[in-house]
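The points are grouped by topic.

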Amino acid sequence: SGDGGAMIRAGEVAALALLSGINAASTSVFAPSVPSLLDALHASVSQAQWTTGAFMAACGAALPLAGVWSDSVGPRPVLAAGLAVYTASSALAACALSILQLQTLRALQGLATAAIVVTGQVLVKDLYPTLGARQEALSRMTTARSLAMLFVPGVGAWLHSRYGWRSTMAALCAAG
């Protein structure tokens, strides 16, 4: 660390980058699979697109609520709940039998993502109490997240082409 504050540890920064970038990864990994839902789940184009819309709307709506919840009980229980719900909803989404099930589970995934993203940011403040250390950690997190996002869509496309749309949900389950 440049200011004598908390030492910036690569493992912590990587974990925090994953937490704060899970929303972008959740849409980017799944994006190549959306067109296949037309046949796989007998969905219309708008229904297939709504699997991403439901995720994004739920995440966006839940962000302020997740922040209030984290302020009231602390970030760790909120993060644990977010990760549990994210993992479970991703696993169930991989098994969805209808477009409505998938849309609902993607919305639940979005709610969980809000809790994960908010607490990831709060943990930065807890782990790096000085402004300089926080700035350095956030800078490294942003760099790591940006580099990861170069590869995430390709990973999603590879998974989809190799194993089908369900594999992208299974990958998100593993990420949780």
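Is Gly164 buried, partly exposed or exposed? With a relative accessible area of 22%, Gly164 is partly exposed, since the buried class requires a value under 20%. The model is a predicted one.

**Gly164 and helix H7**

- Gly164 is located in the loop that runs between H6 and helix H7, the latter spanning 165-175.
- Between Gly164 and Asp39 there are 12 Å in space, taken from C-alpha to C-alpha, although the two are 125 residues apart in sequence.
- Ser167 belongs to helix H7 and is buried, its relative accessible area being 13%.
- From Ser167 to Gly154 the C-alpha separation is 13 Å, and the two residues are 13 residues apart along the chain.
- Ser46 and Ser167 are 121 residues apart along the chain, with their C-alpha atoms separated by 22 Å.
- Ser46 is part of helix H3 and is exposed, with 51% relative accessible area; this value is over the 50% that marks the exposed class.

**Packing of helices H3 and H5**

- Helix H3 covers residues 45-73 and helix H5 covers residues 99-127; their axes come within 6 Å of each other and cross at roughly 35 degrees.
- The crossing in which H3 passes H5 is right-handed.
- Sorted by class, the residues in the contact of H3 with H5 are 18 nonpolar, ten polar and one charged.

**Salt bridges**

- Side chains of opposite charge can pair when their charged atoms come close.
- The structure contains three salt bridges.
- Arg76 pairs with Asp126 in a salt bridge whose closest N and O atoms are 4.0 Å apart. Because Arg76 sits in helix H4 (residues 75-94) and Asp126 in helix H5, this pair ties together parts that are 50 residues apart in sequence.
- Arg140 and Glu136 meet through their side chains in a salt bridge of 2.7 Å, N to O. The two residues are four residues apart in helix H6, so about one helical turn separates them.
- Arg140 is partly exposed, with a relative accessibility of 39%.
- Glu12 and Arg9 form a salt bridge in which the closest N and O atoms are 2.9 Å apart. Arg9 is partly exposed, with a relative accessible area of 36%.

**Nonpolar surface patch**

- Which residues form a nonpolar patch on the surface? The patch consists of Leu147, Leu150, Phe151 and Val155, which together have about 430 Å² of accessible area.
- Phe151 lies in helix H6, which covers residues 131-163.
- Phe151 counts as exposed because its relative accessibility is 59%, a value over the 50% cut-off for that class.

**Backbone at His42**

- Where is His42 placed? His42 is found in the loop between helix H2 (37-40) and H3.
- The phi angle of His42 is near 55 degrees, which is a positive value in a residue other than glycine.
- His42 counts as exposed, at 69% relative accessibility.

Terms used:
Residues are numbered from 1 along each chain as its sequence is written. This is a predicted model: local features need pLDDT of at least 70, side-chain atom pairs count only at pLDDT 80 or more; totals for chains, interfaces and linings use all residues. Side-chain values use heavy atoms; hydrogens and water are left out. Axes are lines fitted to C-alpha atoms, for helices over the stretch in contact, and angles run from 0 to 180 degrees between N-to-C directions. A crossing is left-handed if the near helix is turned anticlockwise from the far one by less than a right angle, and right-handed if clockwise. Ala, Val, Leu, Ile, Met, Phe, Trp, Tyr, Cys and Pro count as nonpolar, Asp, Glu, Lys and Arg as charged, and the others, Gly among them, as polar. Patches are made of residues with over 30% relative accessible area and no salt bridge: like charges are joined within 9 Å, nonpolar side chains (Val, Leu, Ile, Met, Phe, Trp, Tyr) within 5 Å. Accessible areas come from the Shrake-Rupley method with a 1.4 Å probe; for residues, only the protein chains shown count as cover. Buried means under 20% relative accessible area, exposed over 50%, partly exposed in between (1.4 Å probe, protein chains only).
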